[in-house]
Amino acid sequence: MEKFINFRSKPTPLNSANVDTDQIIPKQFLKRIERTGFGQFLFFDWRFHDDGSENPDFVLNMPEYKNSSILLAQDNFGCGSSREHAPWALRDYGFKVIISTSFADIFYNNSFKNGILPIVVDNDLLSKFFKFINDDSNYEMDINLNDQTIKDNLNNEFKFDVDAFRKKCLLEGLDDIALTLEHKKKIDIFEKNYLK
Amino acid sequence: MKKTLFDKIWDKHLVHEEDGKPSLLYIDLHLIHEVTSPQAFEGLRETKREVRRPNLTFATMDHNVPTLNRNNIDDPISAQQIETLIKNCEEFGIKLFDLNSPYQGIVHVIGPEQGLTKPGMTIVCGDSHTSTHGAFGSLAFGIGTSEVEHVLATQCLWQNKPKTFEVNVSGSRQKGVTAKDIILSIIGNIGTAGATGYVIEYRGEAISTLSMEQRMTICNMSIEGGARAGMISPDEITCEYLKDKPNMNNLKEMKKEWLEFASDEGATFDKTLSLDASKMSPQVSWGTSPGMVSGVDTRVPNPNTEEDPVKKKSLEDALEYMGLKADTDIKDIKLDTVFIGSCTNSRIEDLIAASKVFKGKKVASSVNAIIVPGSQLVKYQAEKLGLDKIFKDAGCEWRESGCSMCLAMNPDKLSPGERCASTSNRNFEGRQGKGGRTHLVSPIMAAAAAINGRFVDVREYDIDLGDY
């Protein structure tokens, strides 16, 4: 996995709650057998009209957000199916951080495994972020995972929480399986007693 | 100390724990299918890793298999995914229930059918409806593809310990109110994120009196309330159901061990909710998430009564997508399609109950009804009972098994604007086909809707549904 590095970007305000993984990546694109190339299908049914043209009213298609790597979304982002194609599509499109008031469990896990940082904030702070970007499309955030801070170009600084182990894995780009295999002996012993 | 079912399973499977880190759990059963596994096997090949326990891993093909002419897959990408699974299972020595197997079917139908699912187990699968297996008193949950690869390589999984949530359902159901209506009521009550971070244990009289297949319907939809898993303590009903299943040796000894997993009397949970089944009515979802649901005897809600701006917008968006006006009587909603199937409601009891509603009746001329059994074994059982004839005489289509129109990865899908009464688990936008409109209901509500061309209150039907 690639290491997570600090960066600056304006956030894309996706003003929808309960965004499910069927919206993030519709099922007709789950048939590929690779992990890459899903970005073009991200939010497909919202991004494109039936004739294949872009829907200019959808926030990702607005020119001011084209190069954003932070997604703001309302509560319960990533609910529904366990498809890892959802974070694959978000990452491939260019999103590195998603900020919401809550995430569905499986999506939350899947994000960390793909170098995406999901940040949970409270309702008031999320509303503030939406207001800042809606008031001024030049609004930008600096994300620093090591310090666990969001600094913005209005000179605000906000702290966020992240599980220490997951933070380490993201910062160092650790391979989960390699980490587990460090405990191979313990697994062997457990299994020997357990499967007898 | 008094322990819950969840605590007992968690403790038994702990391989390694350390402060401030997730715990490493041993996995007893790993189920895989064609959609979420190819990249995991590719990862193993790239890193030259083996499958640690091929004998604890079982595969089937269900998500994108056709339910007509199943040996002729028109979509080349679907065909490639299926070919890839066959190749991966051969290469890594994994037992596969392929399209030619009499036991092929939806992964969460065949696990219990083949006696693979047992109380006290940890079970994972790259599919969020893995929670179904919790009906047997196992800890079963969906994982992503990276975790599929992890379990293949190590037979273990890192997990942060979830909290426990007791959902206590008391009282007896009215006739026509099914397990599906109980779980839809629960989700309507807690919302789609109400159980995020928790494992639910369903308890109480209205749960313990359910059959195993009905319990599977309940646990299946735990994820729609945000729960990591849903489970029910094993009891005599569990043991009775398992005793005739394949792979059951030393039944007497196993039974004793299984029953010990049940939550101890007086064990405490992090959160509790109590509901009364006798007050529930048959449920119909009217929106675009499973929490947007209400009784068939109510009306579509009015967004103007919602004060929270985010919720109000969700309501407005949902009604717009669904093509519904606020305050419409649920019974005035007309249907184009009826789908009976999916890992939620495609087992033999579901089909028997639906057949009682269809018997001697005709599907409305405006409706296209399809019935997709959960497995080839369910199909065989149904045909032996003559259910296929009842369905076909009523004008329904009778298909081969698979996930089918639950997620429309195969050719079974809705057209834009088409409205469907569906026994599946998700009414998300586009779930059953782009622009398709899904109303989640029980199999008997779906059957009654097929006959009438609109929703009707199945409690008014004078038929003997037994304990269904």
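Mentor: Side chains of opposite charge can pair when their charged atoms come close. In this predicted model, A:D22 and A:R83 form such a salt bridge, with an N to O distance of 3.4 Å.

Trainee: How should I read the interface itself?

Mentor: The size of an interface is often given as the accessible area lost when the parts come together. For chain B and chain A, about 5,000 Å² is buried between them, and 53% of this area is on carbon and sulfur atoms. In terms of residues, 66 from chain B are in contact with 55 from chain A.

Trainee: Let us turn to helix packing. What describes two packed helices?

Mentor: The description consists of the angle between their axes and the distance between the axes. Take helix 2 (residues 38-46) and helix 5 (residues 145-154) of chain B: they pack at about 50°, and their axes are 8 Å apart. Helix 2 of chain B is therefore oblique to helix 5 of chain B. Their crossing is right-handed.

Trainee: Which residues of helix 2 and helix 5 of chain B make the contact?

Mentor: Helix 2 of chain B contributes B:Q39, B:A40, B:F41, B:G43 and B:L44, and helix 5 of chain B contributes B:T145, B:V148, B:E149, B:L152 and B:A153. By class, six of these contact residues are nonpolar, three are polar and one is charged.

Trainee: At what angle do helix 12 and helix 15 of chain B pack?

Mentor: Helix 12 (residues 348-358) and helix 15 (residues 443-452) of chain B pack at about 30°, with 8 Å between their axes. An angle under 35 degrees counts as roughly parallel, and these two helices are therefore described as roughly parallel to each other. The crossing of helix 12 and helix 15 of chain B is right-handed. Among the residues in contact are B:A353 and B:V357 of helix 12 and B:I444 and B:A447 of helix 15. This contact has 10 nonpolar residues, no polar ones and one charged residue.

Methods: Residues numbered from 1 in each chain as written. Chains lettered and ligands numbered in written order. Predicted model: local features only at pLDDT ≥ 70, side-chain atom pairs only at ≥ 80, totals over all residues. Heavy atoms only, no water. Axes fitted to C-alpha atoms, helices over the stretch in contact; angles between N-to-C directions. Helix = DSSP H or I, 4+ residues; strand = E, 2+ residues; numbered from the N terminus. Parallel < 35°, antiparallel > 145°, perpendicular 65-115°, else oblique. Left-handed = near helix turned anticlockwise from the far one by under 90°. Contact = heavy atoms within 4.5 Å. Nonpolar A, V, L, I, M, F, W, Y, C, P; charged D, E, K, R; others polar. Buried area = accessible area lost by both parts, 1.4 Å probe. Salt bridge = Lys/Arg side-chain N within 4 Å of Asp/Glu carboxyl O.
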